[in-house]
Each structure stands twice: as C-alpha cells, then as structure tokens.
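Hello,

Here is the structure I promised to pass on to you. Please have a look, and my notes follow below.

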Amino acid sequence: MKNSLFALLFIGAIVLGGVWYVAREKENDTTGASAKTFTLVVKERRLVSGDGNLQVKQGDLVTINVTADEEEEFHLHGYDKSVDLFPGAEASLVFEASASGRYPFELEKSKTELGAISIEP
Amino acid sequence: MRILYRLVPVVLFVPLLGQAHAFGQQFTLPLPVSFYFIGAAAALIASFAILTLFNEPQRGGRRVGKKVIVAAGLSRAGVVSLRVLGLLWLLLTIVSGFFGAPDYQQNPAVYLLWIVFLLALTYAQALVNGIWQAFNPFRTLAATILGKNHKPLFRYPRGTGFFPALILYFGLISLELLSGGAGAIPEVVAAILLGYVGVSFIGSFLFGTAVWFTYGDLFSVFFGLVGKFAPIQLSSRESMVTPPGERLIEERGVHLTELFFILFALSSTAFDGIMDTEPWMSVMNSHPFLLTHPTLISFFVLLLSPFLFFLLYGLAIYLMRLVVGAGYSFNASLLRFAYSLVPIAIAYHFAHYFQLILTEGQRLIPQLSDPLGKGWNLFGTKFYEYKVGIIGAASGWYLQVGAIILGHIVATYIAHRIALSEFDSKRHVILGQIPMLFLMVCYTVFGLWILSLPYAIGA
C-alpha cells in the first residue's frame with residue numbers, strides 16, 4: 001500500500017507541476033512598464049465619466065484624475081492611498097502599480113464604491 | 001442601549017448602509033481562463049488515474065501507511081496552555097469589542113473573530129487535530145461553571161442529530177454574508193460572542209457538556225470535521241501521524257444533518273464567491289423584485305444552496321447503488337461517503353479565504369499593540385505600515401488552483417478507498433465509482449469556475 005501512496009503523491013506532483021508550468025508563462029509576460037492615465041468624473045456619488053474597471057500592468061505608473069461635485073476623499077484600497085477632493089477641482093492620485101491584484105477605489109466619507117483597478121501580473 | 005440598537009439589524013437581516021465591502025475585501029484577480037481549463041483537465045486526469053491505479057477491493061479497509069505514535073499523548077501542559085489561550089482570545093475579543101475603538105480598523109475584535117478564529121484556526125486544525133478540542137473557550141467555561149457532577153436536565157433527542165449546530169452555522173454565515181456588514185462592527189462581534197457563551201452554557205446545562213459540544217456547538221462540529229482530515233492527530237490517549245484523510249475513510253457520517261453541515265460548508269463558500277461577481281449582479285439586476293430585495297433573495301439562495309449540492313451528491317450515490325446494489329439503505333450509503341466531501345470543502349475554503357490572512361491579517365499587528373484604542377503601544381507595533389501585495393495575483397492563482405486540485409485528488413482518493421472497503425468485486429468498485437468521480441469533477445470545476453468569474457463593478 002505504500003506504493004499506492006507514492007503513486008498518489010506522484011500524480012499530484014505531476015498535475016500541479018503542469019499547472020505551474022503553464023501559469024509560469026503568464027508571470028514572465030512583462031511587456032515593459034508604461035505610464036497610464038485615467039480620468040474619472042463623479043456626480044451625485046456616481047461615476048458619470050470614465051471607466052469603473054481600470055486595467056493596467058504591474059509596474060505601470062498610474063495616474064487617476066478625479067473630479068467630484070462635493071468635498072470627499074478618493075481612496076484606493078490595498079495601496080491605502082488617498083487624495084482629498086474639493087467640488088469642481090480635479091485631484092490626482094499617482095502611484096506605481098508595484099503589486100498585482102484587483103484594488104477597489106471609493107469615496108471614503110460616504111463609502112461609495114466607484115470601481116476597481118485590475119493590475120495584471 | 002447602543003449595542004441593542006446595533007444588533008437589531010443583525011436579527012432582521014436588514015443591511016446596514018455603508019458598511020458593505022469594507023472588511024474582508026479580497027485583492028485577488030479572477031482566475032485566467034487558461035488556469036481554469038488546465039485545472040479542470042487536471043482534475044479529470046487525476047480522477048481516472050486514481051481509478052485505474054487502485055482497484056483491488058479490500059474488505060474492511062486497510063490503512064495506507066502506518067500510524068506512527070509520536071507521543072504518549074498531548075501533555076497536560078499543552079492542553080492547559082491551549083485552554084488558557086482560548087480563554088484569553090475570548091476575553092480579548094469581547095473586551096476590545098465592547099470597550100475599544102468603534103471603527104473596526106482600529107479594533108482587533110473583528111479580526112480576532114473572522115481572521116484568527118475562523119480562518120487561521122481552521123487551517124491549523126486541518127493540519128493538527130486536537131488544537132480546537134483544547135482551545136474551545138466556550139466548552140472550558142461551560143464545563144467549569146457546571147462542574148463534573150452536573151446532571152443534564154433532558155436526554156438529547158438523538159434523532160435531531162446535528163440540527164442545532166447546523167442552524168447556528170447558518171446564522172454565522174448569514175452574519176458574515178447577509179448582515180450588510182454588521183459582522184464587521186466590533187460591538188456586534190463582542191455581543192454575539194457573549195451571547196454564544198450563554199447559548200453554550202444553556203445547551204450544556206440542558207443536555208450535558210459532552211452532548212452539547214458534540215451536536216449543538218457549531219464550532220466543535222466544524223473544527224471536528226476539519227480535524228478528521230488532519231495528518232497529525234492529537235488526543236489525550238494517543239497521538240498519531242497518518243496520511244491526510246485516513247479518518248475520513250475509516251469513520252462514517254452518523255446523521256443526515258452532518259452531511260448537510262458538510263454540504264453547507266461547501267455551498268456557503270461557493271455562494272460567497274458568486275455574490276460579488278458580475279453574472280450574479282446581472283441576474284439580480286434583471287428583475288425589479290430581485291433588485292429591490294437583494295438580502296431576501298440571497299437569504300433564500302443561501303438556504304437552498306446545500307440542497308442543490310445535495311441533489312448532485314444524492315444522484316451520484318443513487319447511480320452508484322444502481323450499479324453495485326449496496327447491501328444497506330440509501331441513507332446509510334449517503335452517510336458512508338459523506339466524509340469524502342470534507343477535503344473539497346477544505347479546499348474551497350482555502351482557495352477563497354486563505355489570502356485574507358496575509359492581507360487583512362496584517363491589520364492585527366498594529367491593533368494588538370493598542371487593543372482598547374487608548375493610544376498604547378504594547379508591542380511597539382502600533383505604527384506598522386500595511387504591506388500591499390505580499391502575495392502576487394499570479395501566486396494567488398497557483399494557490400487557488402493548487403488547493404482545489406489537491407482537494408479534489410484527496411477527495412476522489414478517499415471516496416475510492418471507501419468503495420474499496422465496501423464493495424467486493426473489482427468491477428463493482430470501478431463501475432460504482434464512475435458516478436462519484438463525475439460528482440467530484442463537477443464540484444471541482446464549479447469551484448474553479450466561480451474563481452474565474454469577473455467581479456461586479458462597484459455595488
């Protein structure tokens with residue numbers, strides 16, 4: 001029966017190795033970092049202009065320009081970065097997308113979820 | 001009074017506005033399609049490999065490998081330390097919940113419950129069974145207050161099975177998913193734990209400590225099932241090292257409510273995964289009634305979810321019995337194979353929640369230095385800076401697919417070993433296992449599919 005246990009572990013190793021091998025190509029696929037700029041306009045706590053689903057690659061220098069019609073705080077989760085918003089004035093959040101993943105952003109004071117930025121590895 | 005006021009929404013399942021999507025937010029990216037297909041293919045290949053590799057029937061079910069006795073038993077000191085740790089955990093969570101900062105991010109209570117107790121302890125128990133049994137602060141308290149000579153008032157109606165634990169489990173998941181974030185309010189967490197101490201005491205008072213913590217205490221049932229998978233088994237009599245899941249082969253479910261407990265562990269995790277995705281949102285947006293009653297709809301879907309998983313499981317068992325004509329009842333067959341689903345449930349859980357330990361878990365580092373929000377810096381970690389991306393999206397994908405495939409392999413292997421011990425002929429084992437194999441592949445592919453769904457934008 002010991003053999004069967006080893007066989008089981010062997011199958012497991014091969015399967016996982018296969019998954020890893022295919023997935024590995026994804027991670028090495030870095031086509032060079034670039035600068036990405038997005039512009040969001042918020043009215044009555046809703047996104048009226050700009051995409052709520054931002055897509056960048058890991059390593060990109062990201063700029064998010066936000067304009068709102070009330071005093072607020074624009075907050076990016078995970079990266080924990082914020083910028084204060086004043087009615088009608090554009091504010092910018094600039095950061096290097098060093099960590100991959102999907103990070104939602106919101107209006108902090110009213111807890112209004114606006115969208116998320118997906119940072120592909 | 002403020003606490004009572006805040007508890008009302010929990011009871012009524014009315015969402016508290018503005019709290020959703022705050023605590024427990026995941027930063028994972030959906031599984032790429034390539035991962036999903038490779039994972040599904042791997043599950044299929046592994047299943048058939050297991051079927052062809054092991055098909056000699058062994059009546060009575062011999063164990064794989066040898067159990068190694070590592071110690072005469074978990075020493076008294078170890079048990080006592082875990083008990084003290086359990087009580088400290090409970091005390092800290094309740095006290096900081098009631099008297100700490102009202103903002104959950106500045107208060108360890110919410111994190112001590114959901115991250116430490118329900119995630120970290122689950123994975124620890126999946127490795128070493130026996131941790132929970134000693135840690136269990138609710139039992140320590142009830143047993144201490146009642147003393148050894150307490151005579152239970154009633155005989156527990158055995159036919160009820162694990163029904164009380166199942167109801168409490170449903171309540172806990174509702175608090176997590178349907179309360180609109182009430183589970184992330186420190187005072188609510190403290191009040192619920194205090195209430196649970198009371199419930200445990202009353203249950204023990206009425207039916208006896210041993211009975212309550214077998215059938216009524218949701219955590220003992222949950223951690224008990226998880227612990228049956230553990231490769232290291234500690235107990236006061238003998239401690240052993242076995243291949244993972246050996247107990248899931250030797251033992252069998254004792255009541256249908258136990259099967260439903262396992263199915264609910266699976267289905268509630270799956271439901272949590274689906275809830276925030278775009279397909280779910282588009283279904284919810286498709287009809288005005290759905291749109292205006294999201295909590296009600298979610299409640300019923302959550303309630304029905306284990307039955308949907310049961311339909312598939314029941315069908316597999318039914319087909320298996322058609323082929324092999326088992327010598328015992330349909331119910332007994334359902335129970336005999338029930339434990340083979342435990343590894344899949346653990347794998348679902350791990351794939352969905354493990355990364356929260358690395359993300360949300362970090363919040364505890366500064367919180368524990370100042371649990372009551374008084375400006376203390378007990379461990380010098382008050383100004384710990386949160387680190388983003390400890391685990392990258394790609395590593396997260398490997399972990400998720402790896403866990404689900406590994407869970408699938410172990411579950412298939414266990415179901416197969418059970419079949420080997422129950423059926424007489426090679427033909428029966430192979431034919432009888434095909435429906436079971438199909439079931440496991442369905443659960444696994446479904447699990448992977450959920451992880452690959454795009455998230456809904458905003459809420």
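**Notes on the model**

A:D80 is exposed, as 12 other C-beta atoms lie within 10 Å; the scale calls a residue buried if 20 or more other C-beta atoms lie within 10 Å of its own, exposed if 12 or fewer, and partly exposed in between, with C-beta atoms placed from the backbone. A:D80 sits in the loop between β5 (72–76) and β6 (81–85) of chain A. From A:D80 to A:L54 there are 26 residues in sequence and 17 Å in space, C-alpha to C-alpha.

Before you read on, please note that this is a predicted model: local features need pLDDT of at least 70, side-chain atom pairs count only at pLDDT 80 or more, and totals for chains, interfaces and linings use all residues. Residues are numbered from 1 along each chain as its sequence is written, while chains are lettered from A and ligands numbered from 1 in the order in which they are written.

**Confidence**

For the complex, the predictor gives an ipTM of 0.83 and a pTM of 0.89. The average pLDDT (the predictor's confidence in each residue, from 0 to 100) of chain B is 88, and 91% of the residues score at least 70. Residues 8–21 of chain B have a pLDDT below 50, and this stretch has 30 contacts in the model beyond near neighbours in sequence (a contact means C-beta atoms, placed from the backbone, within 7 Å). Where pLDDT is low, the predicted coordinates should not be read in detail.

**The sheet in chain A**

Helices (H or I, at least four residues) and strands (E, at least two) are DSSP runs, numbered from the N terminus. In chain A, four strands make an open, mixed sheet in the order β2-β1-β4-β7; strands pair if DSSP finds at least two bridges between them. β2 (46–49) and β7 (91–96) of chain A are at the edges with a single partner strand each, so one side of each has no neighbour in the sheet. Strands β1 (residues 35–43) and β4 (residues 61–68) of chain A run parallel and are joined by eight bridges. In β4(A), A:T67 is the bridge partner of A:V41.

**Two helices in chain B**

Helix α19 (residues 393–422) of chain B has 30 residues and should span 44 Å at 1.5 Å a residue, which agrees with the 43 Å between its end C-alpha atoms; the expected span is 1.5 Å times one less than the number of residues. Of the 30 residues of α19(B), 24 are buried. In α10(B), twelve of the twelve residues are buried, so this helix is largely enclosed by the rest of the structure.

Best wishes

Note on methods. Two residues are in contact if their C-beta atoms, placed from the backbone, lie within 7 Å.
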